[in-house]
Amino acid sequence: METRNRLLLSLSREELKAIKPYITSVALKNSAVVHELGAPIEHVYFMESGIVSLMNMTAGRLIETATAGRNGAAGGIVALETVNSAHHSIVLIGGRASRITTTDLLRLMADGHSIRSRLLQNAVAVLMHASQTALCATRHELTQRLSCWLATTFDALDGGAVAITHERLADILGLRRAGLTEALTKLETDGILRKSRGLLHVHAPDKLKQRACHCYRIIANAYRCEHQSRSFESASEEMRMQDHTRGTIDPHGLY
């Protein structure tokens, strides 16, 4: 079975062979709703390309809390034995996915397939991503937050241009468009990216990551295979220790 999804790639050849008959390759178009908040999860999507935005309601509007790209799956929460979606999941950047029905996936997990442990590890990473996104929104200034989001998305796409409009990006991040445009212009002036109609071309990803707040490294580490096996408690303790060593919290978030 050929796949570019990192979660599926972590499986053995035999395990991939076992799951292959249940997989269907599907195209995901921009703005397509993958899962509705609170509704039953009928399919799990192992992303091969593109990005699915995991959104939650706050103050009467949907705000992105995490994403699913090639490093994971949309709907993987079923590994926690819940059948209802914890997010409103919508395609942010179109691509393809390897789709499996929840029924088939649960059957495989019941038979002892290691896909369950992989999905549980990914669920921990998504939880850390969402928690860090919430902290980032209250602690860090706009350019840092934007750089963090762009760097995280750039990683999930394995490079290339980020196909998104200013209006859409401002909407999912809960930002004013004028402020977002100003922050993007700063990054463009510094030679980090270039704006064009509906596209953000990242020219200097290392510089972008340097401009991002510390949240970027925490989120990136959460999705790396060598970090996914850690317990959520140990990862949370690391973040608590980081806060302790910083002392008082800088409202502008220079951490």
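An open sheet of four strands runs in the order β2-β7-β4-β5, with antiparallel pairing. The model is predicted. The largest nonpolar core has 54 residues, and a search of the whole structure finds zero disulfides.

- The edge strands are β2 (33-35) and β5 (61-68), and each of them pairs on one side only.
- Direction ignored, neighbouring strands of this sheet are turned against each other by 40 degrees on average.
- Seven bridges link β4 (residues 51-58) to β5 in the antiparallel sense.
- Within this pair, M57 stands opposite L62 in β5.
- Helix α6 (residues 166-173) packs on the sheet and touches β4, β5 and β7 (88-93).
- The direction of α6 makes about 95 degrees with that of β5.

- Two bridges join β3 (residues 43-47) to β6, and the two strands run antiparallel.
- F46 stands opposite A73 in β6.

**Helix α3: two sides**

- The buried residues in α3 are T102, D104, L105, L108 and M109.
- These residues cover an arc of only 160 degrees around the axis, so they lie on the same side of α3.
- T103 and A110 are exposed on the other side of α3.
- The cover over the buried residues of α3 includes α2 (13-19), β3, β8 and α4 (115-139).
- Just after α3, G112 takes a positive phi of about 95 degrees.

**Nonpolar cores**

- In soluble globular proteins, nonpolar side chains tend to be buried together.
- Which residues touch the most other members of the largest nonpolar core? They are V52, W149, L150 and L169.
- Leaving aside its neighbours within four places in sequence, L169 is in contact with L146, W149, I164, L180 and L200.
- Another core, of 18 residues, lies apart from the largest one.
- Members of this other core include L11, I23, A79 and L108.
- L108 is also one of the buried residues of α3.

**Cysteines**

- A disulfide is a covalent bond between the sulfur atoms of two cysteines.
- The search of the whole structure finds zero of them.
- C148 is in no disulfide, and the nearest cysteine sulfur, that of C213, is 4.3 Å away.
- C148 has 5% relative accessibility and so counts as buried.
- C213 has 3% relative accessibility and therefore also counts as buried.
- The cut-off behind both calls is under 20% relative accessible area.

Definitions and conventions: Residues are numbered from 1 along each chain as its sequence is written. This is a predicted model: local features need pLDDT of at least 70, side-chain atom pairs count only at pLDDT 80 or more; totals for chains, interfaces and linings use all residues. Side-chain values use heavy atoms; hydrogens and water are left out. Two strands pair if DSSP finds at least two bridges between them. A disulfide is a pair of cysteine sulfur atoms within 2.5 Å. Buried means under 20% relative accessible area, exposed over 50%, partly exposed in between (1.4 Å probe, protein chains only). A nonpolar core is a set of buried Ala, Val, Leu, Ile, Met, Phe, Trp, Tyr and Cys residues joined through side-chain atoms within 4.5 Å. Contact means heavy atoms within 4.5 Å. The arc is that of the directions from the helix axis to the C-beta atoms. Axes are lines fitted to C-alpha atoms, for helices over the stretch in contact, and angles run from 0 to 180 degrees between N-to-C directions.
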